[in-house]
Amino acid sequence: MKKRIAKGGSAHLEFALIKRIAIDIKVLQMIMGHSDISITMNIYNHVDAARVQNEMKKLENVM
């Protein structure tokens, strides 16, 4: 099943909204219609300092 909800110029806007709700990357791959997870990871999965800090806090909470 390859049903894309994001088309054309709206893809990045829709992705931004999806990212804010922290959707699973494999689910995002399916939603975006990518046949290979590397496409989803390389194009839509960005890491910045704030994101790293948030993930480090999660680790600190479980240790």
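This is a predicted model: local features need pLDDT of at least 70, side-chain atom pairs count only at pLDDT 80 or more; totals for chains, interfaces and linings use all residues.
The chain contains 4 helices and 0 strands, and its elements run α-α-α-α from the N terminus on. Of its 63 residues, 16% count as buried. The accessible surface comes to about 5100 Å², and carbon and sulfur atoms account for 60% of that area. When contacts between residues at least 6 apart in sequence are considered, 35% of them join residues at least 24 apart.

Helix H2 spans residues 25-32, and its buried residues include Leu 28, Gln 29 and Met 32. These three positions lie on the same side of H2, because the arc that they cover around the axis is only 105°. At the N-terminal end, H2 is capped by Asp 24, with a side-chain oxygen of Asp 24 placed 2.9 Å from the backbone nitrogen of Lys 26. After H2 comes Gly 33, which has a positive phi near 80°.

Within H2, Gln 29 has a relative accessible area of 8%, and it is therefore classed as buried, the cut-off being under 20%. The side chain of Gln 29 is joined to that of Lys 26 by a polar contact of 2.8 Å. Apart from neighbours within four places in sequence, Gln 29 is in contact with His 34, Ser 35, Asp 36, Ile 37 and Thr 40.

Helix H3 covers residues 37-44 and includes Thr 40. With a relative accessible area of 0%, Thr 40 is buried. A polar contact of 2.7 Å links the side chain of Thr 40 to the side chain of His 34. Beyond four places in sequence, the residues in contact with Thr 40 are Ile 25, Leu 28, Gln 29, His 34 and Asn 45. Two of these, Leu 28 and Gln 29, belong to the buried residues of H2. His 34 is in contact with Thr 40 and also with Gln 29. The C-alpha atoms of Thr 40 and Met 30 are 9.3 Å apart in space, with a separation of 10 residues in sequence.

Tyr 44 is also located in H3. Tyr 44 has a relative accessible area of 8% and is buried. Between Tyr 44 and Met 32, which are 12 residues apart in sequence, the C-alpha to C-alpha distance is 9.9 Å. Met 32 is itself buried in H2.

Helix H4 is formed by residues 49-62 and contains Val 52. At a relative accessible area of 42%, Val 52 is partly exposed. Val 52 takes part in a nonpolar surface patch together with Val 47, Met 56, Leu 59, Val 62 and Met 63. The accessible area of this patch, taken together, is about 660 Å².

The structure holds 1 salt bridge. In the pair formed by Glu 55 and Lys 58, the closest N and O atoms are 3.1 Å apart. Glu 55 and Lys 58 are separated by about one helical turn, because they are 3 residues apart in H4. Glu 55 has a relative accessibility of 39% and counts as partly exposed.

How values were computed:
Residues are numbered from 1 along each chain as its sequence is written. Side-chain values use heavy atoms; hydrogens and water are left out. Helices (H or I, at least four residues) and strands (E, at least two) are DSSP runs, numbered from the N terminus. Buried means under 20% relative accessible area, exposed over 50%, partly exposed in between (1.4 Å probe, protein chains only). A polar contact is a pair of N or O atoms within 3.5 Å; within protein, one must be able to donate a hydrogen and the other to accept it, and residues adjacent in sequence count only if both atoms are side-chain atoms. Contact means heavy atoms within 4.5 Å. The arc is that of the directions from the helix axis to the C-beta atoms. Patches are made of residues with over 30% relative accessible area and no salt bridge: like charges are joined within 9 Å, nonpolar side chains (Val, Leu, Ile, Met, Phe, Trp, Tyr) within 5 Å. Accessible areas come from the Shrake-Rupley method with a 1.4 Å probe; for residues, only the protein chains shown count as cover. A salt bridge is a side-chain nitrogen of Lys or Arg within 4 Å of a carboxyl oxygen of Asp or Glu.
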